Each structure stands twice: as C-alpha cells, then as structure tokens.
Amino acid sequence: MQSVLVLDFGSQYTQLIARRIRELGIYSEILPYNTTPETIREHAPKAIILSGGPTSVYGEQAIMPHEGIFSLGLPVLGICYGLQAIAKHFGGQVESSSKQEFGRAKLIVDHQDGQESQLFRGIPDSDVWMSHGDKVTRMPEGFRITASSGNSEMCAIESSGQKAALKVFGLQFHPEVQHSLYGKQLLSNFLIDIAGIRPDWSSKGFIEHQIEDIRQKAGDSTVICGISGGVDSTVAAVLVSRAIGKQLHCVFVDNGLLRKNEAKKVMEFLRPLGLKITLADSSDLFLRRLKGVASPEKKRKIIGRTFIRVFEENIHEEKFLVQGTLYPDVIESVSVGGPSETIKSHHNVGGLPKRMKLKLIEPLRELFKDEVRAVGRELGIPEEILMRHPFPGPGLAVRVLGSLTQERLDILREADEIYIDELKSSGLYQQVWQAFSVLLPVQSVGVMGDKRTYENVLALRAVESTDGMTADWAHLPHEFLGKVSNRIINEVRGVNRVAYDISSKPPATIEWE
C-alpha cells in the first residue's frame, strides 16, 4: 500500500491533512517534524507533507525539518509553517507581517501561458483559509510564485528551473480546511498527479490492518473494554471483538453522570452486538469524589482516574484496556509529535493516571468521527447507534458548570431529554452534528404565577460539523427554540431562563468545559 508521511510541526490541523489524504483513498501517517531521513526511508512513502505550526521560523523556538528530507527524491509540500520552513531552508526570507491573515482570503492563481503549475491544474481563483502572522518576503533562489493573496505575494511557490526536479511546493494557506474551496483537488493534484500515488486505502483496509495489529498486541491475553454506548467506544469494542473474540470483556460504567435512563437504554441496544458486557454501577463513588469540585480540568482528571479504578476492580486476568479515543480528543489534550497547544484534557487522554496496571489499545486514535462511522458501517453496526450524537466521556460533569450535586444533575437530565426529544420529533436531530443542554452556575430573576423566582439558567447548544475540529452553530428555527424553551421552563423545576449558544469553534469549543 502506497503512503504519504505528514511531518507534524504542531498545528491543530495536522490530522486534518491526514484525513483529507485518506478521503482521496491514500494511506497516510503522522510523524514528528524532526524525523530523520533513515526513518522516512523505512516507511517508504511516496511523498512528504510539512504541516503548519504555532512558532516562527526566525524565532528562538524555531523548529526545522531534517535538511536531508529534501535529498530523498520525494515530492515535498509545505503548508503554512511548512512553506516558511522550505523558504528558510533554501535561502529565502520570512518576516512578521504587518497585516495578519486569519480566516477566508482570495487566492489569485498565476496561470501563465506555458508555465501552468501542475499543483494548480484545474483550480481557479477562489477562497482559501488563512491562519498566519508571518509571510515569505524574499523568494528562495530556484523557486517561482504560483499564487498570491491580498496580503501574501508569495502565497504559493514551487521549485523551478534547475531545481524543478526537486518537486518542492509551498502553500501559505491551508488546503486541508473545508473553507479552502479547491483544497481537496489541490491535494489530489500533488499526491496523484505529481507523486503518482495509487488510491488504494479504504475503511475495509483500515479494519484489516487494525485486526492484525490488535491480534499481535493482545496475543493470548484477555482484554477489558470501557464501553459507553456512544459511537466511538461501540465501534472500538466491535472492532477488537472481531480481532480477538471471547478474549474481550466489556464493562459499562454507570458513573452517575449519564443522561436520563441512559444505562438501561445502552444495555438494551448493545446486547444484540454479541459483546460480553458487565454493568458496573459506580455512581456513588464518582459523585463522592467529585463533590465540591468546580474546575473542569480537575473534574476530567478525577473522572479519568476513577474510571481506571473501576476497570481495575473488574479485572480478572486482563492486561489491556480498550478505549474509543479519537484524534480530536488527542489533539486537544496532548501534542502528537510537534509543539501543539494543549486545549483541554480529555478523561481518556490527559486525564488518565500516569501509573496504571493496564496497557492501552486505542484502534480509532487516528480517526475522526465520520471516519469512525464509516468503519462502523463496514463492521455492520446499526445506524441507530452510529448516528447518535457525540457524548463526552466525563458525561454531564462537563455540562453542569461549577460544582456537581445530584439535584443539578437531575435538572439537566430532565431539560436535556426534552431538548433531544423535540429535535427528534421535529426531524432536526440528524440535521445537526451535536446538540445538548448546559446548566450554568448562575441564577436569574423570573416571574412565575405572579411570584418572583430566582432560578437556574440553562443554555442550549447545537452545532454543524464534519469532524469536530471546527464547527458552526446550527441555525435552528425560532419557533422550535421557543417551543423547547417553553417546555423546559414549564416542566423542569428549577429553570426560569433558557438561552441559545451562537458561538462557533473556534473561538469556542463545542462543549462548554
């Protein structure tokens, strides 16, 4: 199987590059920015892509790829910071721009007669997505400009003349982001036309590769899986079960932070999948440990450590723990290979204890939500499970803002059930990527039955997204929001005001904590 290596300089969008490559039917791997030429040869890729990153090539903390990668005879594409690293390596100049570019910009492609760039073949002037404060100000020798923007004259460059055989290309914009209208076609031009890669990667191939990897890792050991009934853990469990069969023991933990009647519903629809499942009711333990804790980071870490304790109490001879960790969890919690910024800990990534008895098996760690659903379909998992909205591992602990109490959890459960039921009955549930309610740590004055009230404020959240890395708030009908608000205020004691969250990601995250 032919592949591409993405060298990670710390961009929050590095995995989006790998994702777009997989959408083209090409296998990709992510390695650290300073991977040596020897290691690259061992992976035998057909092309290299340099990601973006948060640092400056002229700063004290500047990081550069190993200079030997440009002598491997492989096509190289640099994106954002990757472009600037290429410019610096070949003798160009990069400086801080007096005008930064964030968001959409107009790309002007240089379609010179007889000199059309193979990278931009079939791509007109169009909108692209920018995210940079530096820009190339002096062209490296042996390169030419192939596109520009209002703020970046050298928005796209490539080796030419005597250096044309190097096949080195650089882009100041991000083709991997959906807002770059022809980004996917540009990557196709680079990978298929320039690098000559055959598209032969698929969900089926991913499953076969993971089954073999899981069998080698687990051997004859029994394996325990934390399953929640969500898409991620369910797909992970079925995939591991396909690999090792009866060696897998699933544990569903009722941590007291679930939605209304969630434990009963989950057990009912998981049993037909043929998984061996134990229900562990540990709600008292979780709520006792979370009493008085308001910090979202502390909540996540406490929940992560407590999950491990519960799993270890259910261990017999198991040596491995299966988790449905996805890449958005990883990229927000830890740096994958470059100096990326930690956004927040996830209970199954940054929230895990440093020392634990179990080794991890995370077969979905490099995938996004829609890719997981595609794998789930290939595994034969029912659509009613695959199309459930994402639910955070820490559960309602990160949707009840501030300190947790049983009363506040119950208020949120009742309100959220009304919201989700109305979404489903109105035919809106599958039109949004995720929807949920948030109980705020504030109270407001209201009037009910001619009496003054001072009750809780509830926020409704609904977003449209593809992979969870970026999201826009969903424009739900006003009539629908009015109906939901009216029902919640009338049917849920303790709420007298409902608000709707109209923030996108970025700058906000999808969950509030």
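Reader: Which residues gather in the patch of positive charge on the surface?
Author: In this predicted model, the residues that gather in a positively charged surface patch are Arg288, Arg289, Lys301 and Arg305.

Reader: And which elements give two or more residues to that patch?
Author: Two or more residues each come from α8 (283–290) and from α9 (296–313).

Reader: Where does lysine 301 lie, and how exposed is lysine 301?
Author: Lysine 301 belongs to helix α9, and with a relative accessible area of 30% it counts as partly exposed.

Reader: Switching to rings, how many aromatic pairs does a search of the whole structure find?
Author: The search finds nine aromatic pairs. Among them is the pair of phenylalanine 9 and tyrosine 33, which is tilted, with 5.6 Å centre to centre and 35° between the planes.

Reader: What does that pair tie together?
Author: Phenylalanine 9 sits in the loop between β1 (3–8) and α1 (14–23), and tyrosine 33 in the loop between β2 (27–32) and α2 (37–43), so the pair joins parts that are 24 residues apart in sequence.

Reader: Are phenylalanine 9 and tyrosine 33 buried or exposed?
Author: Both phenylalanine 9 and tyrosine 33 are buried, and ring pairs link Phe9 and Tyr33 with Tyr81 into a cluster.

Reader: What about tyrosine 419 and phenylalanine 480, how are their rings arranged?
Author: Tyrosine 419 and phenylalanine 480 also form a tilted aromatic pair, 6.5 Å centre to centre with 40° between the planes. Because tyrosine 419 is in helix α13 (residues 406–425) and phenylalanine 480 in helix α14 (residues 478–491), the pair ties together parts 61 residues apart in sequence.

Reader: Why does phenylalanine 480 count as buried?
Author: Phenylalanine 480 counts as buried because its relative accessibility is 6%, and the cut-off for buried is under 20%.

Methods:
Residues are numbered from 1 along each chain as its sequence is written. This is a predicted model: local features need pLDDT of at least 70, side-chain atom pairs count only at pLDDT 80 or more; totals for chains, interfaces and linings use all residues. Side-chain values use heavy atoms; hydrogens and water are left out. Patches are made of residues with over 30% relative accessible area and no salt bridge: like charges are joined within 9 Å, nonpolar side chains (Val, Leu, Ile, Met, Phe, Trp, Tyr) within 5 Å. Accessible areas come from the Shrake-Rupley method with a 1.4 Å probe; for residues, only the protein chains shown count as cover. A salt bridge is a side-chain nitrogen of Lys or Arg within 4 Å of a carboxyl oxygen of Asp or Glu. Lys and Arg count as positive and Asp and Glu as negative; His and the chain ends are not counted. The place of a charge is taken as NZ of Lys, CZ of Arg, CG of Asp or CD of Glu. Helices (H or I, at least four residues) and strands (E, at least two) are DSSP runs, numbered from the N terminus. Buried means under 20% relative accessible area, exposed over 50%, partly exposed in between (1.4 Å probe, protein chains only). Rings of Phe, Tyr and Trp (its six-membered ring) pair if their centres lie within 6.5 Å; planes under 30 degrees apart count as stacked, over 60 as edge-to-face and the rest as tilted.
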